[in-house]
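Subject: Handing over the structure

Hi there,

Here is the structure I promised to pass on. Please have a look at it first, and my notes on what turned up follow below.

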Amino acid sequence: MRPGGEPRPGRGNGASDDDHRPGPDGPPRHGPAGAAGADAEAAPAARRSAGHGHGHADGRPHPHAHTHSHAHGTATGRHRRRLVAVLAITLGVVGVQVVGGLVSGSLALLADAGHMLTDAAGIAIALGAVALAARPATTTRTFGWQRAEVLAAMVNALLLGALAVWVVVEAVRRWSDPPAVGTGVMLAAAGAGAVANLVSLRLLHGGRAESLNLRGAYLEVLGDLLGSVAVLVAGAVVALTGWARADVVASVVIGVLILPRAWSLLRETLDVLLEATPRGIDLDAVRQHIRGVPGVLDVHDLHAWTITSGVPALSAHVVVDEECLVEGRSGVVLDALSECLGGHFDTSHCTFQLEPVGHGAHEAAHHP
């Protein structure tokens, strides 16, 4: 086992050293039991870069070539410096808005400051989770602490939801008797927040598609920007018309902006924790590709899930013909499966169990 929990090249689940000694024709030999596993990273790098082809159910070859690499570490960890910069900016704006909200008496400004403080807490949690996720795997935690990032995102979503509820309740309480608002301080603080949010959005834009935590932070900062705009509009209305309830209306707008984003982030984290099929992976298409590999007859117990952001995983029981096992071509089939899944579906951690026909009858009830 490598540091970080990655399987050593050439090793698979349930395969012994003897099973993997080179055979007379070069490919690894597998034992006569007919069952072997392989991680996608076991495929030779030269074969991956040179390209490969395999037949499909209709008999037509499906050649494809690609160069494919997977960065080590989690997606959030690769953007750690951006998160640190955004955290520093956010905390600075929170301080400005809290002071401005207390001086001006603006609930909208305090709501926006609370929203940004929650965002800062979420980013701090994400950074702490990155440190945990970098810890090496052990025999008791074979994937290390990578799921800590997902838990951090879930806590962040819950904090956002709680803040939204508080803002709406406080806005309802103030509606009947809105306090006077100092618009000068309110507009200055909201303007500073809007500029800072634009800078933070720029920093997070590049990594939002890779990491659940960066996506969450990006959406939160985007909501902060909209909240700052709402405060600016409310301040202008109060200054020009004297209608103090504009501040309360802006507070409700901020609360309404927070709730759907909190729910979206919570739903995504629950999907990961419940091991739902990752977005972008069609298991029917995966099954078709596996069945198209020469020597493969069928596939069952096919599962795909997400360990943490940017780390999808897949496992399957693959039924192969008898000749494949007798002639020692198991290694060739495993290489072809790993290359195909890594190339077509960008799934770096694939584990396959090769089985002879009829082996499924000896297993417990399995999934399709």
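A residue counts as buried when its relative accessible area is under 20%, as exposed when that area is over 50%, and as partly exposed in between. By that cut-off Cys324 is buried, because its relative accessibility is 0%. Cys350 is buried too, again with a relative accessible area of 0%. As for disulfides, the structure has zero of them. Please keep in mind as you read on that this is a predicted model.

Now for the overall picture. The protein is built from eleven helices and five strands. Of its 368 residues, 48% are buried. If you take the contacts between residues at least 6 apart in sequence, 70% of them join residues that are at least 24 apart.

Which residues make the nonpolar surface patch of about 350 Å²? The patch is made by four leucines, namely Leu151, Leu270, Leu273 and Leu274. Leu151 sits in helix H5, which covers residues 148-175. With a relative accessible area of 42%, Leu151 is partly exposed, so it passes the requirement of over 30% for patch residues.

The backbone has a couple of points to look at as well. Where do we find a positive phi at a residue that is not a glycine? Two places came up:

- Glu275 has a phi of about 55 degrees. This residue lies in the loop that links helix H8 (245-273) to helix H9 (283-291). Its relative accessible area of 45% makes Glu275 partly exposed.
- Asp301 has a phi of about 50 degrees. This residue belongs to strand E3, residues 296-308. Asp301 is buried, because its relative accessible area is 11%, below the 20% cut-off.

Best wishes

Technical notes. Residues are numbered from 1 along each chain as its sequence is written. This is a predicted model: local features need pLDDT of at least 70, side-chain atom pairs count only at pLDDT 80 or more; totals for chains, interfaces and linings use all residues. Side-chain values use heavy atoms; hydrogens and water are left out. Helices (H or I, at least four residues) and strands (E, at least two) are DSSP runs, numbered from the N terminus. Buried means under 20% relative accessible area, exposed over 50%, partly exposed in between (1.4 Å probe, protein chains only). Contact means heavy atoms within 4.5 Å. Patches are made of residues with over 30% relative accessible area and no salt bridge: like charges are joined within 9 Å, nonpolar side chains (Val, Leu, Ile, Met, Phe, Trp, Tyr) within 5 Å. Accessible areas come from the Shrake-Rupley method with a 1.4 Å probe; for residues, only the protein chains shown count as cover. A salt bridge is a side-chain nitrogen of Lys or Arg within 4 Å of a carboxyl oxygen of Asp or Glu. A disulfide is a pair of cysteine sulfur atoms within 2.5 Å.
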